[in-house]
Amino acid sequence: MTAVASMVSGDSAPHPATVAPVLDVAGLSTSFETRAGRVQAVDDVSFSVAPGEIVGLVGESGSGKTVTSLSLLRLLPSSARTSGRVIFEGRDVMSLRGEQLRQLRGGRISMVFQDPMTSLDPVFTVGSQMIGALRAHQRISRSEALRRSASLLEQVGIPDVVTRLGQYPHELSGGMRQRVLIAMALSNDPALLIADEPTTALDVTIQAQILSLLRDINVRTRMSIILVTHDLGVVAGLCDRVLVMYGGRLVESAPVHDLFRSPEHPYTAGLLNSVVRLDQDRNRRLSVIEGSPPLLIDPVPCCPFNPRCAYSVDRCREAVPALTPRAGGRSAACFRTEGPHEPLR
Amino acid sequence: MLRFLLKRFGFAILVVFCVQTAVFLITHALGSPARLLLPLSATDAQVAAFSHAQGFDRPLIVQYFSTIVSAAHGDFGTSYWQQLPAGGLVLGRLPATGELVLFAMLIAVGGAVPLGILAAAKRDSIWDKLAVTLSLLGISMPAFWLGELLILIVAVQFGLTPTGGYGGPQYFILPVITLAALPLGRLTQIVRSAMLDQLDQQYVLVGRSLGLRTRHLIFQHALKNAAIPIVTLMGWELGRLIAGFTVLVEVVFNWPGVGLLAIQAIQHHDIPLIEADVTIVATLIVALNFLLDIVYVALDPRLARPGGRRRARRKLQAMDGMPA
Amino acid sequence: MALTTPLEIPSFPERPSFRRLPSMRGLFRGLFSNKFAMAASLFLILLAVAAIFAPWVAPHDPNEINIIDRLTPPFWQSGGATKYLLGTDELGRDILSRIIWGARTSVSIGLVVVAFSVVLGTAAGLLAGYLGGWVDTMFMRIVDIQFSFPSLLISLSVVLVLGASATSVIIALCIDGWLVYCRLTRGMVMTLKHTAFLEAARVVGNTPGRVMLRHALPNILSPLITLATLEFARVVLAESTISFLGLGVQPPVVSWGLMMNNGEDYLTVAWWLITFPGLTLTLTVLSANVVASWLRVVADPLQRRGSR
């Protein structure tokens, strides 16, 4: 586990059952038309996010987690077809028209992306871009926007704010740029932040700082966060609940401690097993999941993990398991674990 | 930044120098200047006498240096054809060419920028296809053919404009349109390509996710970034324009500019005039490119860093497929 | 600075060692799906046929003078005849035949100049790119400077001095034709030099020459072919321009540019003298541009995205 895992997650998350969710996703599916065929990147994904909750969206490359996050705000190119419902604050994002959608983005829901090096416009100063982000949603003067930008930069822990505002992006380090981007995303007090691998491109130490920053904001403002990542250490350190994706489908959902202690889905178990631990026998072979992730072109109606699953039964080849609720606020999409079964770890 | 500009200035001087050298070598070394200037019926004795009188039999190096030194003082010799100082003749024709090029570029830029932006903003729509088709036509039609066609249709058939010559506004219409066609087409392609490139960038996606208005993203962010490659390629376009197509348009429309003068000089085998004309045109081109270097540096803050220009230029070449 | 910074890696084409010329079948399939490109290619093939088989395809001798039939309009106009489909010029010569023979001139000059320029330019570029150092600086300096020359005027000067003929046109156009290939090749070699596989080839024991020819060159072929197509159009246009100015090919050689030069004087009475050669020229340049555009997308997918 990385150093990040040593951070305590905290038990500030409310119980999902008692409060209305801030985001409710039902049957989200996204496909792309390509020359090779139709690629089903996201297949019938449903989940919800409670106010103040930090939800981790985990999966390997190609599992559909980034496409899912982009689909929530409809930021995909025109070659994508998205269906399903994304209910946010009582309205379905999928049915919003132009200006309503624009107001939603950066206003009530914001995103932070993976690569800070190309996420800022290189020919405008930091201050200018922050002012732009503010004035896209609030009718304030430039000087007022500048003042607020300075305050926002302080909140994300950037020193020497006045200088930074006048600098161009190439004069800032990667970690600093990511903080600026986070500040921009927060500038209009969103209720939900979607963070797509915000620390993957950064040094480990900077990683810890950024994640700590996100947690601070979550604690202070009760802003929900969807954290898309492939790093289980990050998940363990920050998230309240975890969603596991594989082959474009959601295969497991559980509170973080439960997921790590007793995973229900064979893929989750495989993932956890493949994490190298300091205390394991140095001479033991690394544990891997045999096989490779499925091609998402023209999906076949069977469990996507079936070809690599050590526990598969006949039924796994014939039908797609649905995400069925289990005890303790968990759910998993696996035929084998529907009835009584042996624990996977 | 200053160092960069100084380097570019030095380069400009070098180019003019090389052009002069090239023309000198071509006219004095490749062929015999005396033979060129005298009628075909001249005997060898007459050629030798003329050669001596004009100093063509001096060692090449001596002739070269004398030409260069005089040129540096603005003295390009006397035109054989018109018996007037060659330099003065060329300079006298400059305004006419200048006006033609200026108006043509205004039309080209004024048309290409909106068209290119529209095509990029509405990718794959009917506007996009229209812009691409128009630009292809623009770059494919030879300037002299287009000119003749326009004369045929507009001037002869409909009698709307004069068929050629220089004068008031009505004389400008056809030549300017003809000259503008190619840069219009090419620039539309360039603008469209540059904008498409920018709209695919991460910062545009981030901007959208922050709720920035589309118009703001296109005209403030994408356009400013695209401006850099556009301005650079536009400068190259202008250089080519002056050097090549202006000549054709001036010939077709009998426009009294430096291009027509060059052709006449060539037809009259007037070496000093050729040298003067080519050198002055080359100077104009490099002066223009230098001005554009200044604009370029002003637009892109990354150039202030060492190595920034190299990186930007590499990106430029990759972007367009055409060597920058 | 960071663990994984994918953006620090410059944007080279990925896996250049695996890039091949597209298979012929793949090419044809792509061609059929794009009607524009197909039409353009057909036109160019037609042109090639006309050029090669001119003596058999042309209905008349292009230089056959028939004063009686001079200035006959195209066959669909009154006064025209099917004997001269596109009409005749001021000396009674058949326009269509002259266009066909003109194709031969333009295509051959175009091919010769492009062939020579490609060989010279690519060799220079490979050398400059691979050797680097002062060789590279010297070459690129020459290229940069020559690029800034007013090329038409220089070409005209050369033709003047050498005397107007097809040969001098070829020489004049070769003088600045090699520049773009040098720049392109050198740029690509520089890019490739940073990727591992060229170094690997060297380490394994290949001589620099072999490395350049067997490993670097195949990767450069795609953009080179695209560029050559565009350049072919440019050269054909340049030759027509020079001939139009009366300083290019001379009779009895036929050239579209020369036809237009003659036709200028008769613009008001015989529009077909200029229109048809010009139209053919336009279509040639247009077709070459379309094909080059299509080639760029098909054969070089890593450098182009979407419908650029």
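Reader: Hi! Before anything else, what makes a residue count as buried here?
Author: Hello! A residue is buried if 20 or more other C-beta atoms lie within 10 Å of its own. Keep in mind that this is a predicted model.

Reader: Thanks! So how much of chain C is buried?
Author: Of the 308 residues in chain C, buried ones make up 47%.

Reader: And what is chain C built from, helices or strands?
Author: Chain C has twelve helices and zero strands.

Reader: How far apart in sequence are the residues that its contacts join?
Author: If you take the contacts in chain C between residues at least 6 apart in sequence, 70% of them join residues at least 24 apart.

Reader: Could you tell me about helix α4 of chain C? How far does it reach?
Author: Helix α4 of chain C covers residues 95–131, which is 37 residues. From its first C-alpha to its last it reaches 52 Å, close to the 54 Å expected at 1.5 Å a residue.

Reader: Is α4(C) largely enclosed or exposed, and why?
Author: It is largely enclosed by the rest of the structure, because 27 of its 37 residues are buried.

Reader: Let's switch to chain B. Where does B:Ala282 sit?
Author: B:Ala282 lies in helix α12 of chain B, residues 271–299. B:Ala282 counts as buried because 27 other C-beta atoms lie within 10 Å.

Reader: Which residues does B:Ala282 touch?
Author: Leaving aside neighbours within four places in sequence, B:Ala282 is in contact with B:Val15, B:Val16 and B:Val19, and also with C:Phe149 and C:Pro150 from chain C. B:Val16 is 266 residues away in sequence, yet the two C-alpha atoms are 6.0 Å apart.

Reader: Nice! How many residues make up the contact between chains A and B?
Author: Chain B gives 17 residues and chain A gives 25. On the chain B side, α9 (202–209) and α10 (214–253) are the elements that give two or more residues. The largest share, six residues, comes from α9(B). By class, that side has six nonpolar, six polar and five charged residues.

Reader: What is the pLDDT like in chain B?
Author: Chain B averages 82, and 91% of the residues score at least 70. Among its elements, α9(B) has the highest mean, 94, while helix α13 (residues 308–320) has the lowest, 47.

Reader: Where does pLDDT stay under 50?
Author: One such stretch of chain B is residues 306–312, with eight contacts beyond four places in sequence. Another is residues 314–324, with 22 such contacts in the model. Where pLDDT is low, the predicted coordinates should not be read in detail.

Conventions
Residues are numbered from 1 along each chain as its sequence is written. Chains are lettered from A and ligands numbered from 1 in the order in which they are written. This is a predicted model: local features need pLDDT of at least 70, side-chain atom pairs count only at pLDDT 80 or more; totals for chains, interfaces and linings use all residues. Two residues are in contact if their C-beta atoms, placed from the backbone, lie within 7 Å. Helices (H or I, at least four residues) and strands (E, at least two) are DSSP runs, numbered from the N terminus. Ala, Val, Leu, Ile, Met, Phe, Trp, Tyr, Cys and Pro count as nonpolar, Asp, Glu, Lys and Arg as charged, and the others, Gly among them, as polar. A residue is buried if 20 or more other C-beta atoms lie within 10 Å of its own, exposed if 12 or fewer, and partly exposed in between; C-beta atoms are placed from the backbone. The expected span of a helix is 1.5 Å times one less than its number of residues. pLDDT is the predictor's confidence in each residue, from 0 to 100.
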